[in-house]
Amino acid sequence: MDERRTAICGAVLDLAAEGGNRAVTHGAVDKRLGLPKGSTSYYYRTRTDLLTAAIGHLRARSRAAFDADLPGTVDPDAAADLMAHQLHLLLTDRRRDALARYALAPDAAAEGLAAGLATCLFSVPLAAGLFEALGTVEPERAAADLVSLLEGLLFDRLYGARSLAASSTPRESVADLRAPIVRALNFPA
């Protein structure tokens, strides 16, 4: 992706995270980036094109963050640590990405982009591979359940009851996120 397209996708995520899905327009992206009117439309003709590109950008960012943290071996402890750390990143350094993802959900569903958005932060196939490596019976089902748990943990800390709790240190946050993941992986914390 070239620099201009990357900047446009980043601006879409910024706008969605700050103002919700209705804040994302071609004109708002132009204004945000200081581009001449109509520039964003040159790159992405329709709003669906614009959202598709932003979702793809979000997926690539998520994959890069995950790959950067990937442990060399597959074991339950390392998997729980990785997932808790990734969730913590989505609540801190990558908070914009998480907020944008939720903000874009209604429009993504209406425009046939729900599948891309729903799978841009968490991967059922990667989770299934983990469960297969751990020798789990029904790895696909376990993976779907784990991804639902991760989705719930993220949403709860962004918008749910736990979002109202006092902020904690990074170490406490990761430990708090790790505990339910450990239970989901079915080994003692």
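Start by selecting Arg178 in helix 10: there is a kink of about 25° there, shortly before the proline Pro180. The bend at a residue is the angle between axes fitted to the seven residues ending there and the seven starting there. Helices here are DSSP runs (H or I, at least four residues), numbered from the N terminus. Bear in mind that this is a predicted model, where local features need pLDDT of at least 70, side-chain atom pairs count only at pLDDT 80 or more, and totals for chains, interfaces and linings use all residues. Residues are numbered from 1 along each chain as its sequence is written, and side-chain values use heavy atoms, with hydrogens and water left out.

Now widen the selection to residues 170–184, the whole of helix 10.

Show the side chains of Ser173, Leu177, Arg178, Pro180, Ile181 and Val182, which are buried in helix 10. Buried means under 20% relative accessible area, exposed over 50%, and partly exposed in between (1.4 Å probe, protein chains only). What lies over them? The cover includes helix 5 (76–91) and helix 9 (139–158). Step just past helix 10 and you land on Asn186, with a positive phi of about 60°.

For another positive phi, pick Glu138, near 55° and not a glycine. Glu138 sits in the loop between helix 8 (124–133) and helix 9, and its 48% relative accessibility is why it counts as partly exposed.

Next, go to Cys120, in the loop between helix 7 (114–118) and helix 8. Buried or exposed? Cys120 counts as buried because its relative accessibility is 3%. Leaving aside neighbours within four places in sequence, it is in contact (heavy atoms within 4.5 Å) with Ile55, Leu58, Arg59, Ser62 and Arg101.

Last stop: select helix 1 (residues 3–19) and helix 2 (residues 26–33), whose axes come within 9 Å and cross at roughly 105°. Axes are lines fitted to C-alpha atoms, for helices over the stretch in contact, with angles running from 0 to 180 degrees between N-to-C directions. The pair is therefore roughly perpendicular (65 to 115 degrees).

Conventions:
Helix = DSSP H or I, 4+ residues; strand = E, 2+ residues; numbered from the N terminus. Expected span 1.5 Å × (residues − 1). Parallel < 35°, antiparallel > 145°, perpendicular 65-115°, else oblique.
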